[in-house]
Amino acid sequence: MSIFFDKSQNIFHLSNNEISYIIGIEKEKYLTHRYFGCRLKGYHKINQLQTIDRGFSTNPIGEERTFSVNTLPLETSTQGSLDYRVSNYQFRNIEGNHITNFVYDRFEILEEKLILKGLPSLRGEKEQTLAIYLVDHVQLLEMVLYYTIYDDLPVITRSVEYKNNGEKAVYIENAGSMLLDFSRCDFDLMTLNGAHTNEATIHRQSLHPGIQKIGSTRGTSSPQHHPFLGLADKYTNEDQGDVYGFHFIYSGNFIAQAEVEQYGSTRIQIGINPENFEWKLIPGSNFQTPEVVLNFSDGGFNQLSQTFHKLYQTHLIPKQWQQEERPILLNSWEGNYFDFTERDLIRQARIASTLGIELFVLDDGWFGCREDDTTSLGDWNVNKEKLPNGIEHLADSIHQQNMKFGLWFEPEMISVKSHLFKMHPEWSLQVPGYPQTQGRQQLVLNLSLPEVQEYLIGILVKYLSSNKIDYIKWDMNRHLTEVGSFHLPNDQQKEVSHRYVLGLYRILIEVTEQFPKVLFENCSSGGGRFDPGMVAFMPQTWTSDNTDALCRSKIQFGYSYLYPPIMMGSHVSDSPNHQVGRITPLESRFLIAMSGNFGYELAIEELSPQELDVIRDQITFYKSHRSLLQFGQFFRLKEIDAAYSTAWLFKNETEALLVYFNGLAQPAQKIQYLKTKYLDEASDYKDMSTGEIYSGSELNHAGILIPRIKGDFRSFHTHWTVIE
Ligand code: GLA
């Protein structure tokens with residue numbers, strides 16, 4: 001890996017064994033994007049910049065009419081002059097102007113990965129960072145573009161720091177994290193979109209002239225649009241072709257856009273959503289943006305996903321969880337909702353323990369007067385009617401069953417019907433004179449307030465200091481409205497959304513660092529805030545409130561483009577399913593849940609003895625393959641088809657496991673051989689149910705016959721061990 005400045009050509013060349021990223025300096029002023037893709041051994045500007053005298057083009061004074069910034073492929077935009085494409089930033093000065101004129105000033109190479117203060121970012125080991133400084137000499141503003149190249153992965157990270165070295169305050173109206181121009185537009189744009197209970201559907205469509213954008217103004221990254229853009233060649237498929245993945249490490253409002261402009265280039269821009277955002281940059285201060293991950297694959301979507309999985313497992317989640325096996329859990333929610341007593345829970349835990357379950361999670365309903373979702377958020381004291389002996393006593397009883405104990409919190413929320421609201425109505429987000437909006441009958445605490453941050457840290461520290469809580473599910477079940485704060489002056493009200501996210505990160509940093517052994521599960525009504533920002537603190541996320549096996553196969557399939565299965569909470573729930581009413585076999589529910597971070601969430605006392613036996617066997621099976629399922633590589637084998645069938649594969653050095661989920665049974669079932677594609681060609685594999693031995697190459701290329709499947713939503717698995 002290296003970052004090299006070639007003075008003779010005025011270019012920066014960032015490269016490792018797999019990729020090159022090249023930035024040019026034109027006329028000593030403008031930063032151009034010259035190349036991003038497979039590693040180049042050398043670069044001599046073969047892809048010359050086009051200089052044509054174009055109608056309606058702009059030219060800096062003193063330059064030829066053939067030199068126009070507005071047609072150059074750039075690394076950052078200009079604003080208010082020279083360039084008309086979407087911008088990465090916008091300032092407003094005290095005089096009310098938006099114009100700036102940033103030009104190249106200098107660079108620096110840092111011998112480390114830049115770690116962002118107060119924001120989640122990727123860790124590094126031996127990485128280097130290029131810092132390129134641009135200066136607006138009129139207002140003495142500075143913009144630093146940061147680029148880190150990873151040593152062992154085809155990954156670059158980018159972020160920007162905006163600084164005010166002048167004497168007057170300026171307002172940043174748009175603080176983008178990255179921009180780059182590709183000199184072509186024949187790409188497909190990939191996004192992950194959805195809704196509550198229907199997260200992460202992959203969409204792929206041709207880019208067309210104009211701006212195509214996704215984003216969130218909801219205060220969180222949202223289940224509607226994932227903060228990710230992919231740009232794929234037309235012919236790219238799972239195993240072939242070029243694809244770029246841009247992923248934003250941020251948990252609040254974002255924008256991710258692609259602009260196809262008049263001469264067929266494509267601009268990518270990602271950052272905090274400028275709608276409802278502004279930041280007052282007082283003299284001497286700076287603003288650091290969140291980070292974007294740029295991942296390049298010349299081996300299709302599979303290679304892109306392998307990189308993301310490895311990157312996030314090794315450089316994003318808290319270090320102590322990298323190799324730590326995750327327990328099989330029983331979550332109380334779908335089995336009890338709000339209706340339980342201590343005795344119920346202890347009985348359920350006893351059954352769970354005999355089945356081999358390792359963690360008992362008490363979900364919503366344990367605090368205040370919480371009998372339904374209309375009250376008590378904010379009152380984090382135990383409900384004595386349900387749990388007369390308190391949380392610690394319950395935790396002790398669970399520990400006595402040889403299980404860990406986990407507890408649900410929704411720290412960011414406040415119910416109007418709560419003691420906290422009576423004491424501190426001003427702590428909820430609000431704008432004076434306007435009614436507050438409820439969502440799930442609750443309001444949102446103003447996490448930008450330092451006193452609210454302190455209060456929440458205090459609550460969590462108090463519970464965790466007992467040393468009896470091994471796991472926390474951190475939920476967040478509505479989006480932000482009336483985003484204002486009394487503690488900020490009028491001209492800083494648009495800072496609140498970002499300050500909310502910074503407040504959230506501050507709480508998470510303090511609590512997770514103080515209690516490194518506690519396993520945190522991220523949740524926002526499922527995958528409503530499943531983003532790399534949250535993953536940096538919480539190594540697993542409740543993927544969706546939809547626990548139906550068929551729906552889950554699609555949701556987990558979508559998220560698998562970016563996250564490995566160990567990060568996706570997935571539970572076996574009751575049938576008929578509570579969200580969609582579908583009846584599915586226990587075997588299928590198990591195979592889908594087992595393909596994620598595994599647990600159960602059902603009325604355990606209502607299971608028949610036969611079902612309990614099956615579950616006991618499932619748990620034994622899972623435990624004997626846990627290392628494969630949690631730390632092995634995951635491969636998608638079959639895109640979900642019209643009958644909702646799909647297949648995937650887990651693999652490590654010693655074993656492999658294939659899961660086939662068959663949606664709707666078909667008449668006249670077609671002959672189908674499923675190729676495992678990714679097994680080691682040189683190894684032999686023993687089918688553990690038949691004892692037959694096959695070569696990896698025949699499994700990969702000739703494939704296994706899909707058996708006749710009768711009945712809907714059935715599935716099967718095949719397990720092989722590698723023969724030495
Ligand atoms: C959200 C979560 C669920 C459950 C409920 C409790 O919907 O996603 O898993 O915790 O809240 O109210």
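**A hairpin to begin with**

Guide: Strands β35 and β36 form a hairpin with 5 residues between them, and Gly 691 in the turn has a positive phi of about 85 degrees. This is a predicted model, in which local features need pLDDT of at least 70, side-chain atom pairs count only at pLDDT 80 or more, and totals for chains, interfaces and linings use all residues. Residues are numbered from 1 along each chain as its sequence is written, and side-chain values use heavy atoms, with hydrogens and water left out.

Visitor: What counts as a strand, and when do two of them pair?

Guide: Strands (E, at least two residues) and helices (H or I, at least four) are DSSP runs, numbered from the N terminus. Two strands pair if DSSP finds at least two bridges between them.

Visitor: Ok, over how many bridges do β35 and β36 pair?

Guide: Over 3 bridges, in the antiparallel sense; β36 covers residues 693-695. Lys 686 stands opposite Ile 693 in β36.

Visitor: Which strand does β35 pair with over 4 bridges?

Guide: That is β38 (residues 715-723), again antiparallel. Trp 720 in β38 is the bridge partner of Asp 687.

Visitor: Which residues of β35 are on the covered face, and which on the uncovered one?

Guide: Tyr 685 and Asp 687 are on the covered face of β35 (684-687), while Asp 684 and Lys 686 are on the uncovered one. In a regular strand the side chains alternate between the two faces of the sheet.

Visitor: New topic. In what order do β1, β2, β3 and β4 lie in their sheet?

Guide: The order is β1-β2-β3-β4, in an open sheet with antiparallel pairing. The edge strands, β1 (2-6) and β4 (30-38), each pair on one side only.

Visitor: And what about β2 and β3, how many bridges?

Guide: β2 (residues 11-15) and β3 (residues 19-26) pair over 5 bridges. Leu 14 stands opposite Tyr 21 in β3.

Visitor: How far is an oxygen atom of the ligand from the side chain of Asp 363?

Guide: The distance from that oxygen to an N or O atom in the side chain of Asp 363 is 2.6 Å. A polar side-chain atom of Asn 477 lies 3.2 Å from an oxygen atom of the ligand. For Gly 526 the value is 3.2 Å as well, from a polar backbone atom to a ligand oxygen. The protein covers 97% of the 300 Å² of accessible area that the ligand has on its own (areas come from the Shrake-Rupley method with a 1.4 Å probe).

Visitor: Is Phe 56 buried or exposed?

Guide: Phe 56 is exposed, at a relative accessible area of 86%. Buried means under 20%, exposed over 50%, and partly exposed in between, with a 1.4 Å probe and protein chains only. Phe 56 sits in the loop between β4 and β5 (89-93), and its phi is near 60 degrees, a positive value in a residue other than glycine.

Visitor: Where is a cis peptide bond, then?

Guide: From Ser 575 to Pro 576, with omega near 5 degrees. Pro 576 lies in the loop between β29 (568-573) and α10 (586-594).

Note on methods: Polar contact = N/O pair within 3.5 Å; in protein donor to acceptor, adjacent residues only side chain to side chain.
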